[in-house]
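I opened this structure today and kept short notes as I went. Have a look at it first, and then follow along with me.

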Amino acid sequence: MARIIGGIGTSHVPTIGMAFDKAKHEDPDWKPLFKGYEPVAKWLAEKKPDVLFFCFNDHATTFFFDHYPTFALGVSAEYRIADEGVGSRKIPNLQGHAGLSRHIAGSLVDDEFDLAIFQDLPLDHGLHSPLTLMWPSKPDWPGRVVPLVVNVLQHPLPKPKRCFALGKAIRKAIESYPEDLKVAMVGTGGLSHQMIGERAGFNNEKWDLEFLDLIDRDPERLAAMTIQDFAERGGNEGAEVIMWLIMRGALAPTARKVHQNYYLPMTTAMAVALFE
Amino acid sequence: MKYVFDLEKSGKALRLNRFLHDLIHEDRRKQFLENPEEAMKDLSSEEKDMVKRLDWKALQDYGASFFCLEKLARTKGVSNPQMVAAFRGETLEAFLKTRRVPGAR
């Protein structure tokens, strides 16, 4: 049977991917970020998950507001890298796990999560900006991904409580897949940032650290908060951390945070945390 | 909460956001850079004017999604810190002074 071996929470700021593509690993402005991902990359290299289940959002790249899904699950065997306005990143296409995706789709609908399904669509930096710091992309990715795209752009957004419940249903779905697979959950987004209005550039380190504590110790408390609570504390765009709750909801109740890194160089607080 | 991108804004600015979103296609970027009038032919004169002037704040207030504006910014070689500075009503230099690591961009 498939099993969930742990989880990762990570920012998906596009500049993370840009810093990687420009090989800024030793640049003093970026080194604290790269160093923070090393224990996560090491954990993945040692545990060798077959699949990373990614909870992330598209940035009005692949999905547009003419039809914007709240939750959309990818069921393809392969995903291209999206062009977001400057050409695609030079990284290999992502390999999907179509069998596991299809099983999860069926199990979630059976559990009354009626999500949208997509296939043969390219994926944007929401997934692969953090991925390149955690998983080697050369010569090819060491495993497969299952992408879950969440609406955190166009209000109304899904409730935090719903995200947490969805995570629990994903756990049930993965654990009922008959093939022996090791799956790691990844929840992306945040931490505090606001990109718009006169409050653009807003950060809240105190809240970020509290969030990193609560997502470990008391995720139920985060799940009980509203989108407005998240936006007030972490900025309008920072409310996207609700996607960490999907990841957290899918982990075993006994899972604990074993690593975290926090770096706030520019407009978005960049965090990564590992749970097992 | 201010500046929430909701269904009202999304509905009002759908045409503008569609134009911005289309810049994910290389041929649309090329057309916009070489022949902006033709590329913007479906936009209203108000929308065209804001796009031509790269008036980020006016575009945002009109209902443009930040994430669609990013496509225009990338096409024109404008960075996110430049856009954020414009929303705050300050210069890039002034904005960078408020950051911990101004070089990380």
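**Entry 1: Trp30(A).** I began by listing the contacts of Trp30(A), leaving aside neighbours within four places in sequence, and found Ala19(A), Lys24(A) and Ala104(B). Two residues are in contact if their C-beta atoms, placed from the backbone, lie within 7 Å. This is a predicted model, in which local features need pLDDT of at least 70 and side-chain atom pairs count only at pLDDT 80 or more, while totals for chains, interfaces and linings use all residues. Residues are numbered from 1 along each chain as its sequence is written, and chains are lettered from A and ligands numbered from 1 in the order in which they are written.

I placed Trp30(A) in the loop between H1 and H2 of chain A. Helices (H or I, at least four residues) and strands (E, at least two) are DSSP runs, numbered from the N terminus. Is Trp30(A) buried or exposed? Trp30(A) counts as buried because it has 24 C-beta neighbours inside 10 Å. The cut-offs are 20 or more other C-beta atoms within 10 Å for buried, 12 or fewer for exposed, and partly exposed in between, with C-beta atoms placed from the backbone. I also looked up Tyr263(A), which is 233 residues from Trp30(A) along the chain, and their C-alpha atoms are separated by 9.3 Å.

**Entry 2: helix H2(A).** Next I followed H2 of chain A, residues 31-47, whose 17 residues reach 25 Å from first C-alpha to last, close to the 24 Å expected. That expected span is 1.5 Å times one less than the number of residues. I noted a kink of about 30° at Glu38(A), shortly before the proline Pro39(A); the bend is the angle between axes fitted to the seven residues ending at a residue and the seven starting there. After the helix comes Lys48(A), with a positive phi near 45°.

Which residues of H2(A) are buried? I found Leu33(A), Gly36(A), Tyr37(A), Val40(A) and Leu44(A). They pack against several elements of chain A, including helix H1 (14-21), helix H4 (125-134) and strand S1 (3-10).

**Entry 3: the sheet.** I then traced an open sheet of eight strands in chain A, with mixed pairing and the order S6-S3-S7-S2-S8-S1-S10-S9. Strands pair if DSSP finds at least two bridges between them. S6 (116-118) and S9 of chain A stand at the edges with a single partner strand each, so one side of each has no neighbour in the sheet.

I checked S2(A), residues 51-56, and found six of its six residues buried, so the strand is largely enclosed by the rest of the structure. Val51(A), Phe53(A) and Cys55(A) point one way, and Leu52(A), Phe54(A) and Phe56(A) the other way. S2(A) pairs with S7 (residues 144-150) of chain A in the parallel sense over six bridges, and Phe56(A) stands opposite Val149(A) there. S2(A) also pairs with S8(A) in the parallel sense, over five bridges, where Phe54(A) has Val186(A) as its bridge partner.

**Entry 4: chain B.** Last, I looked at where the chains meet: 37 residues of chain B are in contact with 28 residues of chain A. Which element gives the most to the side of chain B that touches chain A? H7(B) does, with seven residues.
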